[in-house]
Amino acid sequence: MDGSGGGAAAEGDLEAAEKLIMRWDSTVSSAADERMIFDAADRSDAERYLRAVDELRRSIKDPVIVGSPRRSSSSSSHSSSENAIQIAMARLEDEFRNLLLTRANEVEVDALVDLSSLSLNSSASMDGYGDLSDAEGGGGGGGEGEAFSSDSVGASSSIRRSSIRSTRSIREIDLLPADAVDDLRSIAERMIAAGYGRECVQVYAGARKAAVDVCFRHLGVEKLSIGEVQRLGWDALEAKIRRWIRAARVCVRIIFASERRLCEHIFDGLGIADDAPFIETVKGASIQLFGFAEAISIGRRSPEKLFKILDLHDTISDLLPDIAVVFLSKSAESIYTQATEIVSRLAEAVRGILSEFENAVFRDPPKTPVPGGTIHPLTRYVMNYISLISDYKPTLIELIVTRPSASSRFSGDDLAAAGAAVPELDFPVSENQSPLAVHLIWIIVVLEHNLENKANLYKDNALSHLFLMNNVHYIVHKVKDSPELREMIGDDYLRKLTGKFRLSATSYQRATWMRILHCLRDEGIHVSGSFSSGVSKSTLRERFKAFNAAFDEAHKTQATWYVPDTQLREELRISISEKLLPAYRSFLGRFRQHIENGRHPEMYIKYSVEDLEIALSDFFEGCAPSLHNRRRSH
């Protein structure tokens, strides 16, 4: 066949391609406007349309066929082809948008949350999976296929088992069916080749951004400015942090990762620079997501925020490897950089909050004494706080790297605020303790110092000792109840604390019962003389009266004092009984007849030994003493 014949055939193909393109021009044909080429079950129309577009592109690339008798008309032919290409690109853009919007798989966010829980922030939780391979790739039995066969994803979920592929923590899902992805790639290839790559990316990003926004709304990720976040009350903020942590895992490991995979399937190798479609799709969402955590990281530091900030720190730290994988391109590295900076600021916030907490414990002012010498709210708060701190031991051991200095912990302003001079605190630490452990011991030391100041508020010296006994005993038992805390505090310091509360118990007993027992001494009772029985009855009566008055006062007062620990309360009563009852029994046995032989013995012998024993059961109950129907032994 000669050249003119080939040219004629080529021009015939070109004319046929143009006619096909014009037939689907929705601006001139209502039938074309009502139908979408790629929606049909019959693929022939779509395939013919793509071939026509390819024919037009070739004609524009090589418009003149050598030896063609129609050379003189090539200019008009070129113009006609360019016009048809523009019409085709407009049509393909509509088809591209329609596929993205109508063929997208429905994503059930609750199922995504369940799925993300398979890869929570503890790397140990993933050890059972080993090196996970693609679920789509088949693989051997007993591996990931079985791990995902559980009902945790939900039987009604639209996420199909075969659509999930996994790395160690990333869980990708199919956002569109495979045939729709193939069509989208075919369209993108033609649009990019024809110079319409920018339009193709804009349509793609617009459709997928809307899908990401829907997921964000379902996950409760709100658009809040830094100022709005920092103005939130703590209760509201705490709830939002919990919701954010759940959402962040889903967004990074499932939503963003799946968007990247979809983008790669459609655009990879087509000449789009630096995964622009993916970046345009998720960059705004990722900035919104991490903007919340950033606002927390630069917000006001206060002790109650510590544990949620640690949760945020651990979550983002755990997500960093996944963020690095998902946002791996040059244009996306700012997202990874932002996440790493947030982690650093959260770490600094943790250190600052711990320091502020130590100072707050020291500065907590002595105001009014707690009734009954019971455990002070500050003691409960501090010990519960450091028990929670010990739960975050792995993270905090990494973050807390410097030790507190007992001589330089407080500035002049701190001391002035507390109305105190530089405290001389017993700060027992050993070299082999971690900086975190030293900080925890320091907090307890500062708490003890503060409690000693609060004990001075009591006018009754015995109650002051009882208050310290209660509070230090509480500290000891909180340490013993937490294996992590006990390990960090160490047995040496625990023994020192135990000795302190026992010393306070002994000091209480001395302050109360030495004075009462002093009434039962023999000194001054025995006299000599021809008309004497050898006992001064007047002195004896005064001793019994003094004892009764002192015990009555102690009974009335100390029944309202409170020892909340039942075992400690019973031990204290037993200790008092062991001192008081034998002494009273002996005194009564030696001198009872001298009183009973006189007038009105009931005025002096008020209590039997059994009466005292019953009365002691009222002590440290925190309420007025009960009335006992006592039988008088006399």
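# A walk through a helical chain

A polar contact of 2.5 Å links the side chain of glutamate 358 to the side chain of histidine 439. Here, a polar contact means a pair of N or O atoms within 3.5 Å; within protein, one must be able to donate a hydrogen and the other to accept it, and residues adjacent in sequence count only if both atoms are side-chain atoms. Residues are numbered from 1 along each chain as its sequence is written, and side-chain values use heavy atoms, with hydrogens and water left out. Please keep in mind that this is a predicted model, where local features need pLDDT of at least 70 and side-chain atom pairs count only at pLDDT 80 or more, while totals for chains, interfaces and linings use all residues.

Let us stay with glutamate 358 for a moment. You will find glutamate 358 in helix α13, which covers residues 333-363. Helices (H or I, at least four residues) and strands (E, at least two) are DSSP runs, numbered from the N terminus. Glutamate 358 counts as buried because its relative accessibility is 1%. Buried means under 20% relative accessible area, exposed means over 50%, and partly exposed lies in between (1.4 Å probe, protein chains only).

Now step back to the whole chain. The chain contains 23 helices and 2 strands. Of its 634 residues, 48% are buried. A contact means heavy atoms within 4.5 Å. Among contacts between residues at least 6 apart in sequence, 81% join residues at least 24 apart.

How confident is the predictor in the chain, as a mean pLDDT? The mean is 81, and 78% of the residues reach 70 or more; pLDDT is the predictor's confidence in each residue, from 0 to 100. Confidence is lowest in helix α6 (residues 144-147), with a mean of 32, and highest in helix α18 (residues 461-481), at 97. Over residues 63-75 the pLDDT is below 50, and this stretch has 10 contacts in the model beyond near neighbours in sequence. Residues 119-167 also have pLDDT under 50, and for them the model has 77 contacts beyond four places in sequence.

Next, visit glutamate 448, which sits in helix α17 (residues 435-455). Is glutamate 448 buried or exposed? Its relative accessibility is 7%, so glutamate 448 counts as buried. Its side chain makes a polar contact of 2.9 Å with the side chain of lysine 500. Apart from neighbours within four places in sequence, glutamate 448 is in contact with Tyr493, Leu497 and Lys500.

Arginine 486 belongs to helix α19 (residues 483-489). At 34% relative accessibility, arginine 486 counts as partly exposed. Between arginine 486 and alanine 437 there are 9.8 Å in space, C-alpha to C-alpha, although the two are 49 residues apart in sequence. Setting aside neighbours within four places in sequence, arginine 486 is in contact with Val479, Lys480, Asp491 and Leu494.

Isoleucine 279 and alanine 205 are 74 residues apart in sequence, yet 8.4 Å apart in space, C-alpha to C-alpha.

What about the spaces in the model? On a 1 Å grid over the protein atoms alone, a cavity is a set of points where a 1.4 Å probe fits but cannot get out, and a pocket is an open set with protein on both sides within 12 Å along at least five of seven lines; lining residues have an atom within 4 Å of a point. The largest pocket is lined by 21 residues, and Ala104, Asn105, Val107, Arg208 and Ala211 lie nearest its centre. Elements giving two or more residues to this lining are α4 (74-102), α8 (197-219) and α10 (234-267). Helix α8 gives the most, with 8 residues.

The largest cavity is lined by Gly220, Val221, Glu222, Leu224, Lys240, Arg243, Trp244 and Phe292. Helix α10 provides the largest share of that lining, 3 residues.

Our last stop is phenylalanine 620, in the segment after α23 (609-616). Its phi is near 65 degrees, a positive value in a residue other than glycine. Most residues other than glycine have a negative phi. With a relative accessible area of 0%, phenylalanine 620 is buried.
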